[in-house]
Amino acid sequence: MVRAVQALTPLLEKVVGEYADKGVVLAKLNVDEEQFIAAQFQVRSIPTVYALFQGQPVADLTNARSESQLKAMLDQLLEKLPIVAGEAEPAQDIAPILAMGEDVLAAGDGQRAAGIFAQLIEMAPDNLEVHSGHLRALVAAGMVEEARAALDALPEELRGDPALAQARNQLELAANAPQDDGELAALRDAAAAKPDDMEAQFAFAQAAFAAGTRDEAADTLLAMIGADPEWNDGAAKAKLLQIFEAVGLEDPWVAATRRKLSLLLFG
């Protein structure tokens, strides 16, 4: 199997290089590391070579083991597909895998999602949706330092792009994570003991969200806004809005909590 892959890879790279100006791109996938994606594409043996167009398999090229066979199959495909030379759209090609990564992340498996997005970065290194997913997955997996390093590794002009806003907010909020359950419990006790101490309430709210107890965090911040909305230049409201951005404005929990905030502010 390894010899077959090693023999086929140079051939694919050579042919794809010659067809690059026709919109042909080579993307490699490690099926041992990304078994979820391999299953979605029904990969049963190695090597497997698919031609994809706009994210969908259009031909199985696995049996093309010579340069002439591979070129003949590509020529047939290019005659049928509406590809404009020099105008390939990698973002469309990765759409199904990008959706897989988001689904895995939404299901709570940050580590697996991070692996999927890492593969996607190799396929589409300039796609900010992919980088956003990778950063959010690393945070979800508790790999905050790795996420910070990945963000810092991006070109400076991209770090502030709106497409990365959710990931940046998640990363900033994760910095307040307590070291352990004991620290969170101590902050909770301090807030309960001094309900008028805004600093204690704020510290607990930040730690609670970073620890995954977002209901406690939101309830604490809402109580602070109700008691003194202008405290520290409106810090409680600003933090709650940042949490909304980090979770995602379309999330049902965000929608419900925003209604609570609106009732509190406007009656």
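Student: What covers the buried residues of helix 12?
Tutor: Keep in mind that this is a predicted model. Helix 12 covers residues 198-210, and ten of its 13 residues are buried, so the rest of the structure largely encloses it. The cover includes helix 10, helix 11 (181-193), helix 13 (214-227) and helix 14 (235-247).

Student: Which residues of helix 12 are the buried ones?
Tutor: Buried means under 20% relative accessible area, and ten of the 13 residues in helix 12 pass that cut-off. The names are Met198, Ala200, Gln201, Phe202, Phe204, Ala205, Gln206, Ala207, Ala208 and Phe209.

Student: Let's pick Phe209. Is Phe209 buried or exposed?
Tutor: Phe209 sits in helix 12. Its relative accessibility is 16%, and the cut-off for burial is under 20%. So Phe209 counts as buried.

Student: Moving on to helix 7, how many of its 13 residues are buried?
Tutor: Helix 7 runs over residues 128-140 and reaches 18 Å from its first C-alpha to its last, close to the 18 Å expected at 1.5 Å a residue. Its buried set includes Leu128, His131, His134 and Arg136. Helix 7 is mostly covered, and the buried count is eleven.

Student: What do the buried residues of helix 7 pack against?
Tutor: Val130, Leu135 and Leu138 are among the buried residues here. The partners of that buried set are helix 5 (95-106), helix 6 (110-123), helix 8 (144-153), helix 9 (156-159) and helix 10.

Student: How far apart in space are Leu77 and Val58, C-alpha to C-alpha?
Tutor: Leu77 is in helix 3 (residues 67-80) and is buried, with a relative accessible area of 14%. Not counting residues up to four places away, Leu77 touches Ala51, Val58, Ala59 and Leu61. Leu77 and Val58 are 19 residues apart in sequence, and their C-alpha distance is 8.3 Å.

Student: Now the loop between helix 13 and helix 14. What is the phi of Asn232 there?
Tutor: Asn232 has its place in that loop and is partly exposed, with a relative accessible area of 47%. Its phi is positive, in a residue other than glycine, with a value near 50 degrees.

Student: Is Asp233 buried or exposed?
Tutor: Asp233 lies in the loop between helix 13 and helix 14. Its phi is also positive, about 60 degrees, although Asp233 is not a glycine. With a relative accessible area of 77%, and the exposed class set at over 50%, Asp233 is exposed.

Student: Zooming out, what is the radius of gyration of the chain?
Tutor: The chain has 15 helices and two strands. The globule rule gives 18 Å for 267 residues, and the chain comes out well over that, so it is more spread out than a compact globule. The C-alpha atoms fill a box of roughly 80 × 35 × 30 Å along the principal axes. The radius of gyration is 24 Å.

Student: How far apart are the mean positions of the positive and negative charges?
Tutor: The chain exposes about 15,000 Å², with carbon and sulfur atoms supplying 51% of it. On the charge side, there are 21 positive and 42 negative charges. Their mean positions are separated by 5 Å.

Technical notes. Residues numbered from 1 in each chain as written. Predicted model: local features only at pLDDT ≥ 70, side-chain atom pairs only at ≥ 80, totals over all residues. Heavy atoms only, no water. Helix = DSSP H or I, 4+ residues; strand = E, 2+ residues; numbered from the N terminus. Rg over C-alpha atoms; globule rule 2.2 N^0.38 Å. Areas by Shrake-Rupley, 256 points an atom, 1.4 Å probe, with all protein chains shown as cover. Lys, Arg positive; Asp, Glu negative; His and termini not counted. Charge placed at Lys NZ, Arg CZ, Asp CG, Glu CD. Expected span 1.5 Å × (residues − 1). Buried < 20%, exposed > 50% of the residue type's maximum accessible area, 1.4 Å probe, protein only. Contact = heavy atoms within 4.5 Å.
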